[in-house]
Amino acid sequence: MSRLDDVAPDTMRAAVLFGAGDLRVVDRPVPEPQAEEVLVRVALCGICGTDLKIFDGHFPQTPPYGEYIPGHEWTGTVVACGSTVDELAPGDRVCIEAHHGCGRCGNCLTGKYTACLNYGDPAKGHRASGMTSNGGFAEYAVHHVSALYRLPDRVTAEDAVLLTTAGTGLYGLDVAGGYIVGQDVVIFGPGAVGLMTVQVCKRMGAARVVLVGTRESRLRLGRDLGADHTVNATEAEPVAAVLDLTGGLGADLAIDASGSSDVPEQCGQVTKRGGKILFVAFYPEAVRLDLSGLVRKGVTMFTSRGEGGDNVRRAVALAAAGMIRGRELVTHRFPLEKITEAFRVLREREGDPLKVVVVP
């Protein structure tokens, strides 16, 4: 590939993590894409709970402090392509799949690249944008071509920045069997993952989708996005409410997208005999779960991490058809220069942030 002088500046502004809690916006060289990589001018980059862990220094296998640019929920426009890339071209709008596995281990070869056996080993080809490699809190970012998806015109940047999140819900459903037509689904946690999963479940033919949470504004948005019923756990006992809504039988599938330590046990109580539980959340501490009760009921449990199994591509297809939307979830926008303020707003929940995005 030719030099980037004619398509990008030599330097860019980027948020670099210099240490735990020390995120600074500084000048950095614009990265040059290698043979299988693409250089993207970042339009938006979302912040999620994982980024808070990264900011606090509690995430493994990140690049060294002083070099590390976080940000794994980004979208933008292709500027330049590596020498072997012909799947995309400059001017294409793209969204990303954060995880690009090594492509050589057994898990990657079966679509489980978020569980890559060479996770964190760039020498073997693994990269997770914004986590184990530099990401999108910058004006420009590079990523492997296999983890970028061209966007149709009708999908806005605000929609696109939530497609990795939608892929997380889709991958979880994929892992749990996928076929939910006519089934009752209860989702705990009306955050970004939960709200995108609400939409996905309705579009996949779920009979009833029940959304459980503690903030009425998010539950209201959940209803707007397709939830058939919502349960405010500050006003009603959630297990009793879900059982009442399902005629006492419970849900065919319970999904925990909340990360609250008491929810796994509630999932067990609201799942019908022979049903399934899907865990897509991370927890701040050990959780209590009555496994004997689940064994007696014949409940099957599944876990999934991130957006594997080519499910971001499926999310793009749903967005292109107007079947899922992300823009309603974007509640706060901050310029890159004020990224530490964006992190503070998310952490302190000031103004009830749902999806906070940074604009380079």
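Helix H1 gives the largest share of the lining of the largest pocket, 4 residues. The model is a predicted one. How do we find such a space? Rolling a probe the size of a water molecule over the atoms shows where empty space is left.

The largest pocket has a volume of about 1500 Å³. It is lined by 49 residues. Look at its centre: the closest residues there are Gly49, Gly191, Ala257, Ser258 and Gly259. Several elements give two or more residues to the lining. They are helix H1 (49-55), helix H4 (163-175), helix H5 (192-203), strand E11 (208-213), helix H8 (263-270) and helix H11 (339-348). What kinds of residue make up this lining? It divides into 22 nonpolar, 17 polar and 10 charged residues.

Now follow strand E11, one of those elements. Val212 lies in this strand. Is Val212 buried or exposed? Its relative accessible area is 3%. The cut-off for buried is under 20%, so Val212 counts as buried. Leaving out residues up to four places away in sequence, Val212 touches a list of residues that includes Val186, Ile187, Phe188, Gly189 and Pro190. Leu219, Val231, Ala233, Pro238 and Val242 are also among its contacts. Ser133 is another matter to look up in the model: it sits 79 residues from Val212 along the chain, and the C-alpha atoms of the two are separated by 35 Å.

Leu219 takes us to helix H6, residues 216-224. Its buried residues are Arg218, Leu219, Leu221 and Gly222. Seen down the axis of H6, these buried residues fall within an arc of 160 degrees, so they line one face of the helix. What does that set of residues pack against? The buried residues of H6 pack against H5, E11 and strand E12 (229-232). Just after H6 comes Gly226, with a positive phi of about 130 degrees.

Gln61 is partly exposed, with a relative accessible area of 43%. Asp352 lies in the loop between H11 and strand E17 (355-359). Its relative accessible area is 28%, so Asp352 too is partly exposed.

Methods:
Residues numbered from 1 in each chain as written. Predicted model: local features only at pLDDT ≥ 70, side-chain atom pairs only at ≥ 80, totals over all residues. Heavy atoms only, no water. 1 Å grid on protein atoms, 1.4 Å probe; cavity = no way out; pocket = protein on both sides within 12 Å on 5 of 7 lines; lining within 4 Å. Points joined across faces, edges and corners; volume = space filled by probe spheres on them. Nonpolar A, V, L, I, M, F, W, Y, C, P; charged D, E, K, R; others polar. Buried < 20%, exposed > 50% of the residue type's maximum accessible area, 1.4 Å probe, protein only. Arc of directions from axis to C-beta. Contact = heavy atoms within 4.5 Å.
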